[in-house]
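Please look over the sequence and the structure below.

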Amino acid sequence: MNKQKWIYAIGSRPALNVYLWVLLIVVKFPDADDQPENSKHLFYSLILFNMCFFALIAYINNFYLQPKFLFAAKKFSYYFYVLLMLGLVSYLYVVHLKMLQVWFPEIVVLETSLVMSPISKETGFVDVMNDISTYFFVMLVWLVVFGLLGVYHFSKNKLSTLQKTINQLREAELIFLKN
């Protein structure tokens, strides 16, 4: 593999995503030191599972919502579906954390989350809605960060295509002028 391909591979969109996930895992795993020895495997599993909620919103946004709505100039539909997805996923995430507190009282469940905002153990709709604001906001920020990566790569690809088209037009013009 030549140097140019290596540089592209290291800075590509999938590579940037991998770097971020590895960084988050490295940052969260030391929290296991505070857990009882017999529950560390469970703790690591919960960290990875809880990160799946954030991966879900990032990748649904980048690979489905942005191409289908945002890049197709359907901005109202895009924002509607993004807010709907964020509301649903953050609601499920808070309910999930509340249930984990009940199911696994021996571990500090909030330390398995990327967001460590205290929540109650009550799982009623009103109780979940009282605890959801911090999680919704953090997921919104998360979505913006990953969304900007998607927009950047879309714009970069569009610019590359535009540059190729300009080069083809210049070549056609030169051929026309030669004849």
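Phe49 has a relative accessible area of 42%, so Phe49 is classed as partly exposed. This is a predicted model. Phe53, by contrast, has a relative accessibility of 13% and is buried, because the cut-off for that class is under 20%. Both residues belong to helix H3, and because they lie four residues apart there, about one helical turn separates them.

The search for aromatic pairs over the whole structure gives seven. In the pair formed by Phe49 and Phe53, the ring centres are 5.8 Å apart and the planes stand at 90°, so the arrangement is edge-to-face.

His96 sits in helix H4, which covers residues 75-103, and His96 is buried at a relative accessible area of 14%.

A further aromatic cluster consists of Tyr64, Phe69, Phe80 and Tyr81. Within it, Tyr64 is partly exposed, with a relative accessible area of 44%, while Phe69 is buried at 10%.

The last stop is the largest pocket, with a volume of about 170 Å³. Twelve residues line this pocket, and those closest to its centre are Gln66, Tyr78, Leu143, Val144 and Gly147. Helices H3 (40-70), H4 and H5 (125-178) each contribute at least two lining residues, and H5 has the largest share with six. By type, the lining has nine nonpolar residues, three polar and no charged.

Key
Residues are numbered from 1 along each chain as its sequence is written. This is a predicted model: local features need pLDDT of at least 70, side-chain atom pairs count only at pLDDT 80 or more; totals for chains, interfaces and linings use all residues. Side-chain values use heavy atoms; hydrogens and water are left out. Buried means under 20% relative accessible area, exposed over 50%, partly exposed in between (1.4 Å probe, protein chains only). On a 1 Å grid over the protein atoms alone, a cavity is a set of points where a 1.4 Å probe fits but cannot get out, and a pocket is an open set with protein on both sides within 12 Å along at least five of seven lines; lining residues have an atom within 4 Å of a point. Grid points are joined across faces, edges and corners, and a volume is the space filled by probe spheres set on the points. Ala, Val, Leu, Ile, Met, Phe, Trp, Tyr, Cys and Pro count as nonpolar, Asp, Glu, Lys and Arg as charged, and the others, Gly among them, as polar. Rings of Phe, Tyr and Trp (its six-membered ring) pair if their centres lie within 6.5 Å; planes under 30 degrees apart count as stacked, over 60 as edge-to-face and the rest as tilted.
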